[in-house]
Protein chains: 2
Amino acid sequence: MNPDITRERQNASFDVEKLTYILDGGPEKTKRRRQIEALVFSDPDFHEDDPNFLSRSERYDQAVRKSAQMVLKLREYGIADPEEIYYYKSMVRGNQQEPFGLHVVMFIPSLRRLCDPQQAKKWLPLAESFQVLGTYAQTEMGHGTHLRGLETTATYDPATQEFVLNSPTVSSIKWWPGGLGKTSNHAIVLAQLYSLGNCHGLHAFIVPIRDMKTHEPLPGIVVGDIGPKFGFNEVDNGFLKLENVRIPRENMMMKYSKVEPDGTYVKPPSSKLTYGTMVFVRSMIVGESARTLSKSCTIAIRYSAVRHQSEIRPGEPEPQILDYQTQQYKLFPLLSMAYAFTFVGQYMTEIYHRISEDISQGDFNQLPELHALSAGLKAFTTWETNSAIEVCRMSCGGHGYSRSSALPDIYVEFTPTCTYEGENTVMMLQTARYLVKSYRQAEKGQQLSGIVSYLNESQNRRVQPQAVASRRPLVDINDLSSLVQVYQQRAATLVEMAAKSIQQELQRRKSQEDAWNNSAIDLVRASDAHCHYVVVKVFNDKLKGVGDTAIHSVLSTLALLYAMHGITKNSGDFLQTGLVSVPQVLQISVRIKELLSQLRPNVVALVDAFDIHDKKLNSVLGRYDGNVYENMFEWARRSPLNAAEVHESFQKYLKPLRSKL
Amino acid sequence: MNPDITRERQNASFDVEKLTYILDGGPEKTKRRRQIEALVFSDPDFHEDDPNFLSRSERYDQAVRKSAQMVLKLREYGIADPEEIYYYKSMVRGNQQEPFGLHVVMFIPSLRRLCDPQQAKKWLPLAESFQVLGTYAQTEMGHGTHLRGLETTATYDPATQEFVLNSPTVSSIKWWPGGLGKTSNHAIVLAQLYSLGNCHGLHAFIVPIRDMKTHEPLPGIVVGDIGPKFGFNEVDNGFLKLENVRIPRENMMMKYSKVEPDGTYVKPPSSKLTYGTMVFVRSMIVGESARTLSKSCTIAIRYSAVRHQSEIRPGEPEPQILDYQTQQYKLFPLLSMAYAFTFVGQYMTEIYHRISEDISQGDFNQLPELHALSAGLKAFTTWETNSAIEVCRMSCGGHGYSRSSALPDIYVEFTPTCTYEGENTVMMLQTARYLVKSYRQAEKGQQLSGIVSYLNESQNRRVQPQAVASRRPLVDINDLSSLVQVYQQRAATLVEMAAKSIQQELQRRKSQEDAWNNSAIDLVRASDAHCHYVVVKVFNDKLKGVGDTAIHSVLSTLALLYAMHGITKNSGDFLQTGLVSVPQVLQISVRIKELLSQLRPNVVALVDAFDIHDKKLNSVLGRYDGNVYENMFEWARRSPLNAAEVHESFQKYLKPLRSKL
């Protein structure tokens, strides 16, 4: 054990294990989590060398092997609880993704959701026994978010009772679905349905793409991998070009709408949206942001405790870089954010379950709020985490660039969350739509409930930025509840400003749509402020339930740092709306420095409390024992470029070059 | 040619070619640049497939081949002007790096700088004929910026007249030098010199590390590649562990200091710093930021002109994503930044040459200013560009994640500039040291000249943040010169605040060093504001020399956008210091929207003016002809995972899995 890191642990003011229980949701959860970890990490079948030492094809190969083993082991151990499956998988994956992902997350659930009973009886057993391995092919090369724009066609041929599927243009080629390139033999294909000369819009079809025995692509199917990406090396994101591919009529997924044998189209009884899955996945991503940020902070903070550099006082030994104020200012606010997002992740899960319960009882009232909340928080937490990972990486100096630090992997595997499952700017605008709608309702005197209820008050206050600026603010900057109020009022003001911008555009005879687009900057800003408020509020609420005094104290410091740092970073907003005064902004800067010093002795313990197994972290810099350098040297020596002492390029190019000069 | 992008070009209000001349520094420069490009891109020896399709070892192999060819071709063509060599290399490299980099940039220049005449006569011809291929081994695993901390030892043995070199600890292993792992057969090693029992500090030694004939590592040398990194796949950044390696006394680089045969140490006549090289490299990096940002903007803006998505008005065709206000708000300020940094890069080069001239005439007066300027602007422009690349990438939606977009490569190859040649936070603090020193001089009544002369005025104003806040600002937000003043005053105020923070800490009986560290957040902020001011000022100055009315007009719009966007992003600073009022901040937000609309018709032409060759850009999304989708499909099909229709993992894992379920 590195002596610096041991000393850090001795200086902590709280019981790390107790904080881990809070983060896991209770000691039983911690225990079970560790059991599952032990299952994975003690299993020789999952031992492997660093994927960064392998070629793309080898990485894919290794990932398929692990995924196949995982399927067998989950059955062997009888792990069936979704949360536990998620956890087991996450340990097997390490910092990488897995190629069976969409089969489990999208293909099977879609079969359940969209097959009629007869279809379900046929396809589900095939899928569950992995005879059929499937993916969900929606996105096309030229079309993402906007589903109506999809170009793939499925034209019904009553003569043979088949659908004929086509990719009529290059931009209509299915593009991006995970597992489509090499792994899957079936795909659920989203296509515009044509029957008897009419287009009936987007429908789902089960399309066999590879031979079940030979795995060769079937006639008319052009399928393959879309090529190397920024991360996701383990996943064969694929393309699919359909050239007059015929599938039986029964392969249209007919739970809701149907095409009769003669070609008659039967509309779905209701166009109830499939909000559910999207909301679920987005809620999960909020938790994923928290876990990723926790990993990154663990690495950067442990390394900063071990690394010595330069000098603060001449003649003295090089200090731990954790003692530099600039390093603390980079990392501690991110640590506070990791805690904040962890609690927001828990909050999203709770809300999701509560509202799902309501929905299953036919109560859809809160669905729009849940939708807006999950969209906004998905965007807010992924954007923040995305930048934060890079701050963590760069705070590790040169070694942060080494793949042995794991930070490059963490970044490239995480960054797609900003785009997939709803592009972040689009998400922010969806949340804004809900906020503006709520604001208008409040304006009309309707009493809002739930998380937007603060917009009621703003109607009473009738905020005028200029007027407010001269008002004397009453906020106590050292009181977290008071800061929650400030964030709330900032959100209210920015929602109002966005709504007014739309109104002004309308008054200039702009259409509703152009007015919206011309106010989009303000709308995104309003959503951002709303989400920021929610995060601060949830952190504050969480504190109320923490009984242990020492833990309460350190979490309070973190919460205060999170809130204050957000104010300095956005001080323009707070000053502009008169919510905080100039002297208060200066006081907050001073207070932040004090909070950094106050947290300093606890930061290693605070990342320890995330309890991320060394094998999951897979980072030389973030090792629990702090023995960085020995292990970095060992790792480097295993690197494939060191397989031979003399690289072949010497004989091929360097020697001949000399003779030519 | 894609019709959307053709239409964009038709709508431009200015002559693109003329703007290119301005960016290149004159039509002759443009012509010569294109000649050099043609030499590279018409040369079949440099044809290659996308490096992203190759393994690490293949990438290194290909890069060595290209570097070797490049050496021969530069001689063949008689290209000798450093700027032209730089340009030729940059075209050969594409978005990647090259393994001979340090031999040319550090090894040979260090031989010139540190060898005595006899040594130079021996080593230079060997190095120039590539018999000796060298690198510069300074950084150790445990030691970066702080040179005094380096642990490698060189102990003189008078009995054999040799130095004995050792890496006494794991943390002393040389780590990171480019070309050290596999390519070089010599290294200039920085080590603590011991002679006759005394340590004389850091000195440079020429150490043979591989056999000149066989390229095998020599006895006592443990050398290899440090393993995969975030980018830099083409470069064999290496490690070097020295185990009682003996080199002749003559291999100590003896231009300044010496060790006599009997072990007597002769001090250097003066400890004149080697500021020069560092300043030069940092100035170059500022230009590199501009070029990288220009590439990223070219890709994102061209793609945004071609890509259609969703709908603004229902029923109408999907609009170009360039028409969304949020997309404009993401990209146009970055485009304005690309122009700003291009001009700042030119400015740095000019200043560097001017001051180098002074120095060569024995006038060192302006060296500290140049040092502070290059350090700060290196940090400022690389940090800004680093984030900007990712904004560009994410503005391309899913396809930005594909390696075919080139944006992932651009990011990973650029991001190390934030850390190497002076870690950015350290750089900002060095600039701050100069600013605070200048401030104190002005405080004592000394008249400052040069870029910091504005600190004279701040002494007259005696800024008090609170008092200023109530002052009525006189700034005309639509006048760029007026905004330059505002940026200047912000910098002055923040320098003053940082200086006062130090003073307050000192009054609390803190030591000078602790006071500095406890004010580091404020110091970095002050440097940042200073650099921001310089950028806005240089942009404004540049405009004065632009004669063409149409170009002057569009560049003025860009400059105004750059300045205004900086104010909204940092509105807290400007409000806090009372330099801009709340109503003005609101007006600026509205003006920014107008500027976005105003720029909209010209943005494709503005990136065209960077005139980045398609082969240099190497981006499917950023192609000049806008034919994105066809080429993306073609690129993907060449991907190695598509070499076989059925991947071997099917037989190995998927088939067996089924039989087990």
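**Values and definitions**

Author: A:Arg33 has a relative accessibility of 7% and therefore counts as buried, since buried means under 20% relative accessible area, exposed over 50% and partly exposed in between, with a 1.4 Å probe and protein chains only. This is a predicted model, in which local features need pLDDT of at least 70 and side-chain atom pairs count only at pLDDT 80 or more, while totals for chains, interfaces and linings use all residues. Residues are numbered from 1 along each chain as its sequence is written, chains are lettered from A and ligands numbered from 1 in the order in which they are written, and side-chain values use heavy atoms, with hydrogens and water left out.

Reader: What makes the pair A:Glu37 and A:Arg33 a salt bridge?

Author: The closest N and O atoms of A:Glu37 and A:Arg33 are 2.9 Å apart. A salt bridge is a side-chain nitrogen of Lys or Arg within 4 Å of a carboxyl oxygen of Asp or Glu, so the pair qualifies. A:Glu37 is buried, because its relative accessible area is 4%.

Reader: Why are A:Glu37 and A:Arg33 said to be separated by about one helical turn?

Author: They are four residues apart in helix 3 (residues 27-41) of chain A, and therefore about one helical turn separates them. Helices here are DSSP runs of H or I with at least four residues, strands are runs of E with at least two, and both are numbered from the N terminus. Both residues also belong to a network of salt bridges that links A:Glu17, A:Asp24, A:Arg33, A:Arg34, A:Glu37 and A:Asp611. Over all chains, a search of the whole structure finds 88 salt bridges.

Reader: How do you know that A:Lys73 and A:Asp45 form a salt bridge, and what does the pair tie together?

Author: Their closest N and O atoms are 2.7 Å apart, which meets the salt-bridge criterion. A:Lys73 lies in helix 4 of chain A and A:Asp45 in the loop between helix 3 and helix 4, so the pair ties together parts that are 28 residues apart in sequence. A:Lys73 is buried at 9% relative accessible area, whereas A:Asp45 is partly exposed at 35%.

Reader: Why is B:Lys378 described as having no salt bridge?

Author: The nearest side chain of opposite charge, B:Glu423, is 7.5 Å away; Lys and Arg count as positive and Asp and Glu as negative, while His and the chain ends are not counted.

Reader: What joins the side chains of B:Lys378 and B:Asn424?

Author: A polar contact of 2.9 Å joins them. A polar contact is a pair of N or O atoms within 3.5 Å; within protein, one must be able to donate a hydrogen and the other to accept it, and residues adjacent in sequence count only if both atoms are side-chain atoms.

Reader: How do you know that A:Thr139 and A:Gly178 gather at one spot?

Author: The unreviewed UniProt entry lists A:Thr139 and A:Gly178 under "binding site". They span 40 residues in sequence, yet no two of their C-alpha atoms are more than 10.8 Å apart, so they gather at one spot. UniProt positions are given in the numbering used here, feature names are shortened, and annotations may be inferred rather than shown by experiment.

Reader: Are A:Thr139 and A:Gly178 buried or partly exposed?

Author: A:Thr139 is at 27% relative accessibility and so counts as partly exposed, whereas A:Gly178, at 10%, counts as buried. A:Thr139 is in the loop between strand 1 (134-137) and strand 2 (153-157) of chain A, and A:Gly178 is in the loop between strand 4 (174-175) and strand 5 (186-195).
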